Amino acid sequence: MCQAYGCSNRVSKRSQLGFFSIPDPRKEPQRCRIWLKKIGTDKFNLKTYTYSKNRVVCEEHFEPDCIENALATELGFAKRKQLKPGSIPTIFTFPKNQKRDPAVSGEVKKHREDR
Ligand SMILES: [Zn+2]
């Protein structure tokens, strides 16, 4: 399952969605730290995180440009999507950032914009 906070995408054989392991902190500490920070999880940090290929982040959190072989997988030439080296996840829509009640958020906005 995707480790990003609020995301529940799972690895599935039927789905075309790509999943990418969180970088190994012993090999790429810098990148691992950024990933852990970006995905917004408080389950892991750089000190406690140990690499596991099952700890993945799904494709939805990456710019399309980050996928090395997007076209090849789409056309069936490649089985698994590959991430370009050095990529970091950047796209997140955390539930805490969503304001679903227009009446309440409208009120708040009015007050904040009144400078
Ligand atoms: Zn995800």
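Tutor: Happy to! One term to start with: a residue is buried if 20 or more other C-beta atoms lie within 10 Å of its own, exposed if 12 or fewer, and partly exposed in between, with C-beta atoms placed from the backbone. Bear in mind that this is a predicted model, where local features need pLDDT of at least 70, side-chain atom pairs count only at pLDDT 80 or more, and totals for chains, interfaces and linings use all residues. Residues are numbered from 1 along each chain as its sequence is written.

Student: What's the average pLDDT of the protein chain?

Tutor: The chain averages 86, and 81% of the residues score at least 70. pLDDT is the predictor's confidence in each residue, from 0 to 100.

Student: And where does pLDDT stay under 50?

Tutor: Over residues 104-108, for which the model has 1 contact beyond four places in sequence. Two residues are in contact if their C-beta atoms, placed from the backbone, lie within 7 Å.

Student: OK, new topic. How many helices and strands are there?

Tutor: The protein chain has 3 helices and 2 strands, in the order β-α-β-α-α from the N terminus. Helices (H or I, at least four residues) and strands (E, at least two) are DSSP runs, numbered from the N terminus.

Student: Which residues of helix 1 are buried?

Tutor: Cys32, Trp35 and Leu36 are the buried ones in helix 1. They sit on the same side of helix 1, because they cover an arc of only 95 degrees around the axis. That arc is taken from the directions from the helix axis to the C-beta atoms.

Student: Why would residues a few places apart point the same way?

Tutor: An α-helix has 3.6 residues a turn, so residues three or four places apart point the same way.

Student: What's on the other side of helix 1, and what do the buried residues pack against?

Tutor: Gln30 and Lys37 are exposed on the other side. The buried residues of helix 1 pack against strand 2. Just after helix 1 comes Gly40, with a positive phi of about 70 degrees.

Student: How many residues are in the largest nonpolar core?

Tutor: That core has 16 residues, and those with the most contacts inside it are Ile22, Cys32, Trp35, Leu36, Ile39, Val57 and Leu83. Two or more residues each come from strand 1 (19-21), helix 1 (29-38) and strand 2 (56-58). Helix 1 gives the most, with 3 residues. A nonpolar core here means a set of buried Ala, Val, Leu, Ile, Met, Phe, Trp, Tyr and Cys residues joined through C-beta atoms within 7 Å.

Student: What does Leu83 touch?

Tutor: Leaving out residues up to four places away in sequence, Leu83 touches Phe20, Phe62, Cys66, Ile67 and Glu68.

Student: Now the loops. Is Lys47 buried or exposed?

Tutor: Lys47 is exposed, because it has 6 other C-beta atoms within 10 Å. You'll find Lys47 in the loop between helix 1 and strand 2. From Lys47 to Arg33 is 14 residues in sequence and 9.4 Å in space, C-alpha to C-alpha.

Student: And where is Arg80?

Tutor: Arg80 is in the loop between helix 2 and helix 3 (102-113). Arg80 counts as exposed because it has 9 C-beta neighbours inside 10 Å. Arg80 and Ala70 are 10 residues apart in sequence, with 9.2 Å between their C-alpha atoms.
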